[in-house]
Amino acid sequence: MPNEQDIYEEHVLDHYEDPYHRGTLDTASHMHEGNNPLCGDRIVITLKLDDSGKVAEAWFEGEGCVISQASASMLIERMEGKTIEEVKAFTAEEMLELFGPKLTPNRQKCCLLSWKILQSALHSPIGEDGDSSAPSGPSLGEEQ
Amino acid sequence: MIVTTSPTNLDVAKIREDFPILGIRSASDRPLVYFDNAASTQRPTSVIEAMSRCYREYYSNVHRGIHTLSEASTQAYENARATVASFMNASSTNEVIFAAGTTAAINTVSRSWGDQNLSQGDVILLLISEHHANIVPWHQLAERVGCRVEFISVDEEFLIDDEAVASALRMHQPKLFAFGAASNTLGTEYPVKRWTRMAHDAGATVLIDAAQAAPHWKMDVQDWDADFIVFSGHKVCGPTGIGVLWGRESLLDSMPPFLGGGGMIQTVTTDGFTAHALPEKFEAGTPPIVEAIGLEAAIDYLTDVGMDNIHAHERLLGTRADAGLREINGVRVIGPTAEHKGGINSFVIDGVHAHDVSQFLDGQGVAVRAGHHCTMPLHHAIGVTATSRASCYFYNTVEEVDVFLQAVSDVRDRFAKTGRRRRSRSSRSNS
Ligand SMILES: Cc1ncc(COP(=O)(O)O)c(C=O)c1O
């Protein structure tokens, strides 16, 4: 079982204290907001997709634990510049690997929150009607 | 130094020997400090043994066979009902329905009594501090019949006074006032008897969610005089999968059955059915037989220890934890002052998320809950998304409270920002 020391690795804390692109993008073309029902944490991801089908810019905004915030920063940093297909092909397993330290199932939900929201954001253009809650990714499950 | 005798009447050291799990070491190889009792309690050996003995020696289905084993199981199951009835001071065993838990019991009331008695425009009044189990079934009822759900909020001290209840009753004229006897997040213990009388005077039916009361106080349903009272077995040192729906007999009699199936019928024909009398009417299917037997053993255990002793000891621990937390820099207690609470203390730490608090405490061997504790509307009203919650029970010690407090005071140092910089993409990719 991973212990507390292992999870809060240096590079995790680096991302937590100095996140990549935390904020919202005014010129975003896509956006999605989601929460982790386990703790109620919310994350908003804004994206600018360019004409060639690439993620030109990506930002995240939200409050949460070290794991949810650091993993969002890592994900956003990694995905910028990738094509939509590449982002879609980026699996949950790859996200956990990108994060690094091994996580228990409940903490994996913290780590996969932004990943799940990013996947939905790809399907959520701003300014079009209808709800932007395109289903994608695993259910995070409700707290008992 | 181990001082496990409490200034109250409990020999906690001796009690702890009855709970095998309290002797284990945590994942971090420290003694386990189990402070997540509001989520679920642990079981004494007597409960584990009672269930195991049934499976080994006399288990069979109940109310079915004429054979010896079935008679033995049926008798044990009905004895358990009688024990619950006397634990709650119910006037009849017909009023004690075994359900899967608090959640299942409230859903039964909502589906049966609610569908029968509420309609468009009617109001269900709740406290903002309710557990989702006492909110969602009413939202669902509102969707079905068009009634409305209203909430009484807490003041700046996290309290709800009589006047707030009185004025909500006046304003909304609710058909039902459903409230938790104690809040599983704030820890507040509410005046169940007084509020029940006020609600009755206003013409409302009263449901009390006693999930956080049954483990801690002596219940007296005749004195409380409510219409429905529910609780869960796993929070009173009993098994999971069982709980109790107590209802006033005349009310239960007038309600339609909720789940249909075997066990709850008098007769079935190709055209329909007639329902069995109470309590079987609300116990469709094979009931939680062994769980009922385990629950009886748990109640016997708690009764032996003494509910008044249990409550006094929890208050002692809860008060110490509350006072200690309030002294730690950056800690905010989410709940009223100790005199209003039992053994539950929720808190937030400046700049540190509840998950990280919980993870850190786990590393110190201390198990606390992190999140919204199934009280999202309350968290929203208070303006926090997640809190940490330490909940003591009678088998916890003063020393454990101190271990917990020390760990909490170390949390902020652990997560204090130190001006770290994220390494650039290129340098990190080959690390
Ligand atoms: C006040 C309160 N009500 C209801 C519940 C739900 O109980 P259960 O999950 O056993 O049905 C709980 C426990 O989580 C609780 O604390």
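Which polar side-chain atom lies 2.6 Å from an oxygen atom of the ligand? In this predicted model, the atom belongs to the side chain of B:Ser232. Local features were considered at pLDDT of at least 70 and side-chain atom pairs at pLDDT 80 or more, whereas totals for chains, interfaces and linings use all residues; side-chain values use heavy atoms, without hydrogens and water. Residues are numbered from 1 along each chain as its sequence is written, with chains lettered from A and ligands numbered from 1 in the order in which they are written.

The ligand also has an oxygen atom 2.7 Å from an N or O atom in the side chain of B:Gln212, and a polar side-chain atom of B:His234 lies 2.7 Å from a ligand oxygen atom.

The domain assignment of chain B gives domain 1 (12–31 + 306–413) and domain 2 (48–304), with bounds taken from an automatic or database assignment. Their centres, taken over C-alpha atoms, are separated by 28 Å. Contact (heavy atoms within 4.5 Å) joins 36 residues of domain 1 of chain B to 32 residues of domain 2 of chain B.

Several individual positions in chain B were examined. Secondary-structure elements are DSSP runs numbered from the N terminus, namely helices (H or I, at least four residues) and strands (E, at least two). B:Leu126 is found in strand 3 (residues 123–127) of chain B and has 0% relative accessibility, so it counts as buried; buried means under 20% relative accessible area, with a 1.4 Å probe and protein chains only. Beyond its neighbours within four places in sequence, B:Leu126 is in contact with residues including B:Trp138, B:Phe151 and B:Ala178. B:Thr83, in helix 3 (residues 68–88) of chain B, is buried at 14% relative accessibility. With neighbours within four places again set aside, B:Thr83 is in contact with B:Glu296, B:Ile299 and B:Asp300.

Most residues other than glycine have a negative phi, and most peptide bonds are trans. The peptide bond from B:Leu278 to B:Pro279, however, is cis, with omega near -5°. B:Phe158 has a positive phi near 65° and lies in the loop between strand 4 (148–152) and helix 6 (162–172) of chain B. B:Cys374 likewise has a positive phi, of about 60°, and is buried with a relative accessible area of 3%.

Chain A contains six helices and three strands, arranged from the N terminus as α-α-β-β-β-α-α-α-α. Of its 144 residues, 53% count as buried. Helix 2 (residues 10–17) of chain A is largely enclosed by the rest of the structure, because seven of its eight residues are buried; among them are A:Val12, A:Leu13 and A:Tyr16.

Note on methods. A polar contact is a pair of N or O atoms within 3.5 Å; within protein, one must be able to donate a hydrogen and the other to accept it, and residues adjacent in sequence count only if both atoms are side-chain atoms. Buried means under 20% relative accessible area, exposed over 50%, partly exposed in between (1.4 Å probe, protein chains only).
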